[in-house]
Amino acid sequence: MKNLKSLVALLGVAFIMVQCQDESMESITEVNKETIPEHIISGLENLGFDTVEIPVVPYEEGYLVEGDIYLTTEDIVKPVTKQRFVRVMTCQRSRNVRIRSNLGNRWNVQVNTAIRNWNNVNGSFLRLVRVTNNADIVINFDGGRLAPNVAGMAQFPENGRAGRTILINPDFFNGRPFLNANVRSTIEHEIGHNIGFAHTNTAPFGRPVPGVANEDNASLMNGGRAGTVRQLSFNDRRALRRLYGPGNNVCF
């Protein structure tokens, strides 16, 4: 009888301990929902961590994830760079993309250079051609529609055709040296959007280009770098060949 009473007492203690543990975990979960910033939770989920079954816990300058993994805020929200695309042209249309520029002679020299740089990627059948009418892409000044700190705007492809419009903001270059290479890289970057590329450093927008490196801080298609001189990187070229090149390509 004494042993039975002891067993009942032990079971009671065990029940209380489990109950307290459940309440403690529930309390942590509630704190997790209320105090962990949303961008931290989404960043962890984008990295593949479980934030539901195992609560995220603030710790020093970062967070404990999945119980025993310490990550700083920078580890979690650091942009993942990768060539990405949104939509593509048909393979056939990519072979003759007609571009009309209404920017005037001072700017059109850089338009021509930007076109030549895209055309000179070995292993890609993309061809951009300057025309004066019947264009697939039209480049205009923005006419005051863009904010002063925005260098340009472009459209992604639609229904297998190149994005129709590029706007260039001349006000962006006011008060700073007119660098031909700067203008060229801005136009070249915007053309990249018209043929399908998203920003390389904006994850997870767009779809990753298959078979291209995970990181590329040198990419012409990195966003937020207007005003700097950029070139098509090695991985930009690889990505272009995957979108518009012979063999296992993405275009259709």
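## Ground rules

The model is predicted, so to speak for its local features a pLDDT of at least 70 is needed, side-chain atom pairs count only at pLDDT 80 or more, and totals for chains, interfaces and linings use all residues. Numbering starts from 1 along each chain as its sequence is written, and side-chain values use heavy atoms, with hydrogens and water left out.

## The three-stranded sheet

Let's start with the sheet that has 3 strands: it is open, ordered β1-β2-β3, and its pairing is antiparallel. Strands here are DSSP runs of E with at least two residues, helices are runs of H or I with at least four, and both are numbered from the N terminus. Two strands count as paired if DSSP finds at least two bridges between them. At the edges sit β1 (57–59) and β3 (69–72), each pairing on one side only. From one strand to the next, the twist averages 35 degrees; the axes behind such angles are lines fitted to C-alpha atoms (for helices, over the stretch in contact), and the angles run from 0 to 180 degrees between N-to-C directions.

Zooming in, β1 and β2 (residues 62–65) are joined by 3 bridges in the antiparallel sense. Opposite V57 you'll find L64 in β2.

## The five-stranded sheet

The other sheet to look at is open too, with 5 strands in the order β6-β5-β7-β9-β8 and mixed pairing. Its edge strands are β6 and β8, each of which pairs on one side only. Here the twist averages 20 degrees from one strand to the next.

Strand β5 (residues 97–101) is worth a click. It has a covered face made of V97, I99 and S101, and an uncovered one with R98 and R100. β5 and β6 run parallel and share 3 bridges. Across in β6, V97 has L128 as its bridge partner, and I99 stands opposite R130.

## One disulfide

A disulfide is a covalent bond between the sulfur atoms of two cysteines. With the cut-off set at cysteine sulfur atoms within 2.5 Å, the count comes to 1 disulfide. The pair is C91 and C251, with an S to S distance of 2.0 Å. The link is right-handed, with 100 degrees about the S-S bond. C91 lies in helix α4 (residues 91–94) and C251 in the segment after α7 (234–243), so the bond ties together parts that are 160 residues apart in sequence.

Both ends are tucked away: C91 is buried at 14% relative accessible area, and C251 is buried at 6%. For reference, buried means under 20% relative accessible area, exposed means over 50%, and partly exposed is in between, using a 1.4 Å probe and protein chains only.

## Salt bridges

There are 3 salt bridges, each taken as a side-chain nitrogen of Lys or Arg within 4 Å of a carboxyl oxygen of Asp or Glu. One of them pairs R87 with E158 at 3.3 Å, N to O. R87 lies in the loop between β4 (84–85) and α4, and E158 in the loop between β8 and β9, so this contact ties together parts 71 residues apart in sequence. R87 is partly exposed at 34%, and E158 is partly exposed at 45%.

R98, from the uncovered face of β5, meets D136 at 2.9 Å, N to O. R98 lies in strand β5 and D136 in the loop between β6 and β7, so the pair ties together parts 38 residues apart in sequence. R98 is partly exposed at 23%, while D136 is buried at 15%. Then there's E188 with R184, at 3.0 Å, N to O. These two are 4 residues apart in helix α6, which puts about one helical turn between them, and both are buried.

R230 sits in the loop between β10 (207–208) and α7. R230 is buried yet has no salt bridge, and the nearest side chain of opposite charge, E190, is 6.5 Å away. On the charge bookkeeping, Lys and Arg are positive, Asp and Glu negative, and His and the chain ends are not counted. The R230 side chain does reach the backbone oxygen of L220 at 3.2 Å.

Two asparagines have positive phi values: N134 is near 50 degrees and N159 is near 55 degrees. N134 lies in the loop between β6 (128–130) and β7 (137–141) and is exposed at 56%. N159 is in the loop between β8 (152–154) and β9 (165–168), and is exposed at 68%.

Terms used. Polar contact = N/O pair within 3.5 Å; in protein donor to acceptor, adjacent residues only side chain to side chain.
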